[in-house]
Amino acid sequence: MFKDILLIGLGGFLGTMGRYALSTMINHQMKSFFLGTFVVNVLGSLLIGIFYGWGESRSWMNPQTRILLTSGFCGGFTTFSAFAFENVKLIESNSFSIPALYIITSVSVCIFAGYAGYQLTK
């Protein structure tokens, strides 16, 4: 368990630095406030799908590598990747109402929480 925590921490450290560097670069180049975050969220969602898929089909990806890349790197790079993958798994189980509700609720509540937190700072 301790080894897994260290692997997640290492991956998170690398993912967080990558997120900051990439989103800052994109926002600066595109003179945008949010485009970098959007790109990072989409890329992180793509990566977590790739890493989970590799984990299921490649013998070289052991559980430690998988946890480093998914919970660690993608978790640090963007938490949106985990949200996207959870919905993919729900849809794969032929459930459409649960992911729809999960998506609508998550996005709405997170935006509201961000707004509320921002308002609390005024």
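The model is predicted, so local features need pLDDT of at least 70 and side-chain atom pairs count only at pLDDT 80 or more, while totals for chains, interfaces and linings use all residues. Residues are numbered from 1 along each chain as its sequence is written, and side-chain values use heavy atoms, with hydrogens and water left out.

**Confidence**
- The chain has a mean pLDDT (the predictor's confidence in each residue, from 0 to 100) of 92, and 100% of its residues reach 70 or more.
- Confidence is highest in helix α1 (residues 2–30), at a mean of 97, and lowest in helix α4 (residues 80–92), at 88.

**Packing of α2 and α3**
- Helix α2 (residues 35–57) packs with helix α3 (residues 63–77) at an angle of about 170°, their axes lying 10 Å apart, which makes the two roughly antiparallel (angles over 145 degrees).
- The contact (heavy atoms within 4.5 Å) includes Leu43, Leu47 and Phe51 of α2, and Leu69, Phe73 and Phe77 of α3.
- Residues of this contact comprise ten nonpolar, three polar and two charged.

**Helix α4**
- α4 has 13 residues and spans 18 Å from its first C-alpha to its last, close to the 18 Å expected at 1.5 Å a residue.
- Buried residues (under 20% relative accessible area, 1.4 Å probe, protein chains only) in α4 are Ser81, Phe83, Ala84, Phe85 and Asn87, and what covers them includes α2, α3 and α5 (97–120).
- Asn87 counts as buried because its relative accessibility is 5%, and Asn87 touches Pro99, Tyr102 and Ile103, not counting residues up to four places away in sequence.
- Asn94, which follows α4, has a positive phi, near 60°.

Key. Helices (H or I, at least four residues) and strands (E, at least two) are DSSP runs, numbered from the N terminus. Axes are lines fitted to C-alpha atoms, for helices over the stretch in contact, and angles run from 0 to 180 degrees between N-to-C directions. Angles under 35 degrees count as roughly parallel, over 145 as roughly antiparallel, 65 to 115 as roughly perpendicular and the rest as oblique. Ala, Val, Leu, Ile, Met, Phe, Trp, Tyr, Cys and Pro count as nonpolar, Asp, Glu, Lys and Arg as charged, and the others, Gly among them, as polar. Buried means under 20% relative accessible area, exposed over 50%, partly exposed in between (1.4 Å probe, protein chains only). The expected span of a helix is 1.5 Å times one less than its number of residues.
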